[in-house]
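Keep the model open beside the text as you read.

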Amino acid sequence: MRLRKTARSVVTALAVAAVTAAVLASPAQASPAPPPGHEATRRAMDAEVAAGIPGITAQARDAHGVWQATSGVGDRRSGAPRAADDRFRAGSITKTFVATVLLQMEGERRLDLDDTVERHLPGLVRGNGNDGRTVTVRQLLNHTSGLYDYLADEEYLDTYLRGDGYLRHRYDTLSPRKHVKVALSHAPLFPPGERFSYSNTNYVLAGLIIEKAGGRTYEAEVRDRIIRPLGLRATSNPGNSIHIPRPSSRSYSQLFPADPGRIDDVTEMNGSQGWADGDLITTTGDLNRFYRALLRGALLSPEQLAAMKTTVGVPGSADTGYGLGITRFRTSCGTTLWGHGGGMVGSTSLAVSTEDGRHQLAYNRNGDWDTGSPLAITEAEYCPAQPVPAAPPAPTTPPAPVHPAAPTR
């Protein structure tokens, strides 16, 4: 699968050299008496840490049971290790939750996927060639709307995601409609339905449609439809809180490309800056439980799940498709996986499952930069007979922060 960078990292090219492996590396720590296997996954995690990621927490769930492991540190200052039950910002993995809620609402006849945005949010999507009368809910969910991604706006990036701008404004509360306004200051990229282009704006609008159709907050719908029924006790939407609930590790980012030795602690930030396109806080265990339930039909009817898994092509990758809030891709050994990746400032995550819901993997890295092997951990878990690349030396050329897999926030 071809690596796709986040909109933030494509546009900003935040870059700083990775911290040396000697500072950050520590051996993987597995749960007591782990199920058999997963040795390749453990080695791949250690390789990521040796390449400069502060720490990783992961969980796999298969026919042998649940396996958990960590590698590296959760706090660069104290040297405290990452924990298996760490909570973290999951970024665009939120999108699968949002799409699930909208599909449930369709099953209740509160809306139709082929409704226009205008029907639910009259007058909101207008100007600069944008027209909510021509964009459908389905096109929001599969990123074929053509709407500009607000995270690609240079002024927004300078203010909220780059360098001193991020440090000054990380605690600001932002409304969803501000994100929409930023996007609509640009012309659409193409007519609705013409092709795929990942845009976080789509899911901000999807969240607003949830609120209009349900008559209450997006967070309440996610909580009562998914989080509580599945018993996802460590999963929450932060609202405008700046904190990640404990237990959790610190989060780190390379914010200043002009200062190649600088890595900032970015753990605290206002959750409203993500919202329905990427605000979820969760754990690897909760993500595995969610995707297992989703793909085994516990959350959607067969017809709705089939609709979610109806994909459009992702340019540049014949083995990748994007459905309704979910990505399909194929490993090097031919295993088809469904899931989503997620990136926030200081955090990159991936959660995937086999199509039958029998084998899940979720992991989080508490750093947001590239190590040159974005799918190594996934490949190691599902294709353990394949050789795992050796850990590269600490780079001398600054890498840009990227998401470790599917297109994401």
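On a 1 Å grid over the protein atoms alone, a pocket is an open set of points with protein on both sides within 12 Å along at least five of seven lines, while a cavity is a set of points where a 1.4 Å probe fits but cannot get out; lining residues have an atom within 4 Å of a point. With that in hand, look at the second largest pocket, which is lined by Ile 242, His 243, Ile 244, Arg 246, Ser 248, Ser 249, Arg 250, Thr 267 and Glu 268. Its volume is about 170 Å³, where a volume is the space filled by probe spheres set on the points, and grid points are joined across faces, edges and corners. By class, this lining has two nonpolar, four polar and three charged residues; Ala, Val, Leu, Ile, Met, Phe, Trp, Tyr, Cys and Pro count as nonpolar, Asp, Glu, Lys and Arg as charged, and the others, Gly among them, as polar.

A word on the ground rules: this is a predicted model, in which local features need pLDDT of at least 70 and side-chain atom pairs count only at pLDDT 80 or more, while totals for chains, interfaces and linings use all residues. Residues are numbered from 1 along each chain as its sequence is written, and side-chain values use heavy atoms, with hydrogens and water left out.

Arg 246 of the pocket lining is joined to Pro 247 by a cis peptide bond, with omega about 5 degrees. Pro 247 sits in the loop between helix 11 and strand 7 (252-253); helices (H or I, at least four residues) and strands (E, at least two) are DSSP runs, numbered from the N terminus.

Three cavities of 30 Å³ or more are found in the structure. The largest has a volume of about 40 Å³, and its lining includes Arg 82, Ile 244, Ser 249 and Arg 250. That lining divides into two nonpolar, five polar and four charged residues. The second largest cavity, also about 40 Å³, has Arg 89, Pro 238 and Met 344 among its lining residues.

Next, turn to helix 10 (residues 200-214), whose 15 residues reach 21 Å from first C-alpha to last, close to the 21 Å expected at 1.5 Å a residue (1.5 Å times one less than the number of residues). Of these 15 residues, 12 are buried, meaning under 20% relative accessible area, with exposed over 50% and partly exposed in between (1.4 Å probe, protein chains only). The buried residues pack against partners including helix 4 (94-107), helix 9 (176-184) and strand 11 (317-322). Just after the helix, Gly 215 takes a positive phi of about 75 degrees.

Asn 128 is partly exposed, with a relative accessible area of 47%. His 143, in the loop between helix 6 and helix 7 (154-160), has a positive phi of about 60 degrees, yet it is buried, at 0% relative accessible area. Most residues other than glycine have a negative phi, and most peptide bonds are trans.

Stepping back, the protein has 14 helices and 15 strands, and buried residues make up 60% of its 409 residues.

Key
Contact = heavy atoms within 4.5 Å.
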